[in-house]
Amino acid sequence: MTYIGIVNFAWVKQYEALVYAIGFVVFLWLLYAAYDGYRRWTHGLPKWRLMFWPPGYPASKALRNFAQFALLQWKTLRQRFPGAMHALIFYGIGWLFIATILRAINVHVVVFLTGDVFYAYKLLNNVAGLMVIVGASIAIVRRRLRLTPNLPQDPYYYLVLGLILVIVVTGFLVDGIAGVAYRYTWERPWFDPVGYLVFTWARTVPVPELQEIYRGLWLFHMSIAMATLAIIPFTNLWHIYAASLNVTFQRQGTAPQGVKPVTDLDERIEQGRPLGVVKLSDTTWKQRLDFDACTSCMRCTNACPAFTAGKPLSPRDVIVTMRDAMREGLWDQQAWGSGRLQVNPEALWSCVTCGACVYECPVTIHHVDTIIDLRRGMVSVGSEDVPKDALDALYRLQQNGNPLGANPYDKEQWLNELAQKYGDDIIAKEGEEYDYLYWVGCITSYDPRIRPVAEAIVSLLRSAGVKVAIPVEQGCCGEPARAIGDEALYVELMKQALEVLSRYKFKKLLVNCPHGFNNFKNNYRLYRDYLAKREDTAKLAEVLDRLEVEHHSTVLARLIREGKIRPSKGIEAVVTYHDPCYLGRWNGLYEEPRSVIESTGLRIREMPRNRSRSFCCGGGGGQMFYEVKRGERISTLRAEEASKTLGEGGRRVVAVACPFCNTMFRAESGKFNFEVMDIAEILKESVKEDKGSS
């Protein structure tokens with residue numbers, strides 16, 4: 001018996017006009033929602049010439065970003081379990097959306113879904129639908145069982161996932177029942193497996209009942225689909241639009257790198273305006289797009305060392321609080337405070353600016369940008385919410401030229417000792433040309449426990465025949481001022497540092513502090529145009545144009561490869577290496593420090609959290625100089641991890657490549673009974689001869 005023509009679904013045609021009309025209304029609604037988002041992002045700011053294209057953003061870069069991060073899900077897939085789950089849903093729905101368009105074209109424009117093309121079309125629809133069902137089911141279980149920690153349990157997350165499941169399941173049912181009317185004599189399981197199962201059941205149902213079942217299912221399916229589209233602006237599905245834009249128009253790249261400059265600094269100071277974010281209206285369009293793009297996936301918060309240590313910081317909460325305030329139009333409310341839609345100031349000061357949140361965020365939100373901007377706002381208006389210890393560090397910078405408050409004479413004395421040991425030519429002289437000008441930095445210059453790092457670097461470079469010298473008049477590069485939020489002081493210190501560099505001839509700048517390294521390499525360059533447009537600082541912009549910066553790990557690794565440094569003395573020790581945030585995550589230097597350590601014959605025992613997922617030492621974000629007392633010390637958590645990795649007995653060494661990390665680990669070393677050594681000190685211990693010493 002054939003069912004062809006017996007079940008009459010011609011009534012569907014009567015509803016097509018209504019469906020298309022509702023679909024058009026939903027489309028207009030979504031277009032308005034997109035426009036409303038654009039209005040939020042540009043509120044009080046110059047409007048974009050094109051509503052969906054910010055001014056000056058290169059089209060080639062935007063298209064590359066969209067392809068890599070939106071279509072290929074590059075950052076989402078970094079975490080395998082949630083990444084695979086999201087990919088199943090994303091690619092499944094993506095194909096079903098395309099399939100719906102193709103079906104409409106086939107019905108109303110030109111018939112092309114025939115023969116083998118139709119078979120492939122149906123098979124792909126089956127695969128895509130099953131992908132969505134599996135992905136959405138995993139998402140529900142994952143959230144309900146908290147397989148990913150700290151996921152929000154708001155009911156609307158489950159509502160959205162449930163709606164997606166209902167749409168796909170009813171779509172399978174509707175399509176399978178339709179097979180009874182149109183495809184009974186040629187329906188086969190291999191190209192429509194799910195549809196065939198439904199079809200097999202449907203052909204056993206009496207025709208009148210099947211007619212009513214189909215009518216109800218079809219209307220229900222279309223209604224749910226339209227309703228789900230309509231609620232997109234009110235649910236997590238909004239990220240389909242906002243997050244796609246955010247990854248398309250992202251900042252520098254996938255690593256944190258620099259923190260946005262205050263390019264109108266002089267105008268703000270002259271007009272008495274704050275240098276950062278005090279009110280929501282002080283944020284940039286990109287920050288506002290960040291707020292709207294957040295998917296609450298919790299990757300940022302779960303990676304945050306401050307949150308892990310029990311500090312009152314959740315990077316997600318900072319972004320979502322700003323988003324909710326923006327959506328409620330609270331443009332003139334102070335952004336931080338104790339209100340429901342104000343960011344907790346203690347949370348902002350808990351941030352160690354390690355960049356883990358930025359690195360992990362699948363939609364390229366730059367949490368650190370916003371946190372630093374809020375700190376700038378607090379400092380510039382003299383808020384009482386700025387920690388006293390942080391203000392003291394800024395005062396010491398202004399008075400002594402270093403955040404430690406050390407006497408500059410101590411540094412000069414130490415440099416004189418270096419000159420006596422390595423010769424007067426270790427002190428930079430104007431007119432001489434050097435392979436490397438060595439910017440030692442504040443912590444290394446003033447802390448007697450860290451000074452041996454600089455001496456090891458000088459000794460190794462001199463023994464390798466590298467012409468290196470240290471400028472005596474170097475001061476602080478300004479990184480602590482920026483981290484704490486005094487942008488005006490930061491810019492002044494930057495000018496002073498560039499002025500010092502302008503006096504000397506050198507091929508490259510050598511820095512052993514990752515914070516200073518990132519500052520010279522990334523942050524300073526963001527002020528290049530600001531310096532160039534001022535007559536008194538134009539020459540400093542030229543210094544930036546020719547400035548090449550290298551961290552000592554890179555230099556030492558290269559000299560070892562070239563055979564200019566030859567480790568030959570074995571070291572008996574168990575060693576683990578801690579990746580500094582500003583060397584690793586911020587600048588992607590992971591293997592160079594390891595190659596230096598391994599060149600000595602030591603084998604590194606990796607901590608569970610290493611390389612891009614390294615756990616901060618706790619000294620970043622200015623917290624070398626102040627501390628949020630709540631929760632545990634971040635340095636204690638990391639030192640405990642290092643100690644467990646090293647195991648028991650023997651000489652136990654935590655290798656570092658940063659004076660901040662060095663200091664933080666030394667504070668914990670007595671408790672956990674390990675040594676702290678910079679990679680340069682380890683290498684020097686393994687080199688028998690020191691040709692550069694006198």
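**View 1. Nonpolar residues, polar residues and a charged one line the largest cavity.** The lining of the largest cavity divides into 14 nonpolar, 4 polar and 1 charged residues; here Ala, Val, Leu, Ile, Met, Phe, Trp, Tyr, Cys and Pro count as nonpolar, Asp, Glu, Lys and Arg as charged, and the others, Gly among them, as polar. This is a predicted model, where local features need pLDDT of at least 70 and side-chain atom pairs count only at pLDDT 80 or more, while totals for chains, interfaces and linings use all residues. Residues are numbered from 1 along each chain as its sequence is written, and side-chain values use heavy atoms, with hydrogens and water left out. The structure holds 8 cavities of 30 Å³ or more, and the largest has a volume of about 160 Å³. Of its 19 lining residues, Gly 441, Cys 442, Cys 477, Cys 513 and Phe 660 are the closest to its centre. Two or more lining residues come from each of α19 (442–446), α21 (479–484), α23 (514–523) and α29 (659–672). On a 1 Å grid over the protein atoms alone, a cavity is a set of points where a 1.4 Å probe fits but cannot get out, a pocket is an open set with protein on both sides within 12 Å along at least five of seven lines, and lining residues have an atom within 4 Å of a point. Grid points are joined across faces, edges and corners, and a volume is the space filled by probe spheres set on the points.

**View 2. The second largest pocket has a volume of about 1100 Å³.**

**View 3. Helix α10 meets helix α13 (residues 315–327).** Their axes come within 8 Å and cross at roughly 105° (axes are lines fitted to C-alpha atoms, for helices over the stretch in contact, and angles run from 0 to 180 degrees between N-to-C directions). The two helices are therefore roughly perpendicular, a word used for angles of 65 to 115 degrees. Arg 288, Asp 290, Phe 291 and Asp 292 of α10 touch Ile 319, Met 322, Arg 323, Met 326 and Arg 327 of α13, where contact means heavy atoms within 4.5 Å.

**View 4. Asp 373 forms a salt bridge with Arg 376.** Their closest N and O atoms are 2.8 Å apart; a salt bridge is a side-chain nitrogen of Lys or Arg within 4 Å of a carboxyl oxygen of Asp or Glu. Both residues lie in helix α16, 3 residues apart.

Technical notes
Helix = DSSP H or I, 4+ residues; strand = E, 2+ residues; numbered from the N terminus. Parallel < 35°, antiparallel > 145°, perpendicular 65-115°, else oblique.
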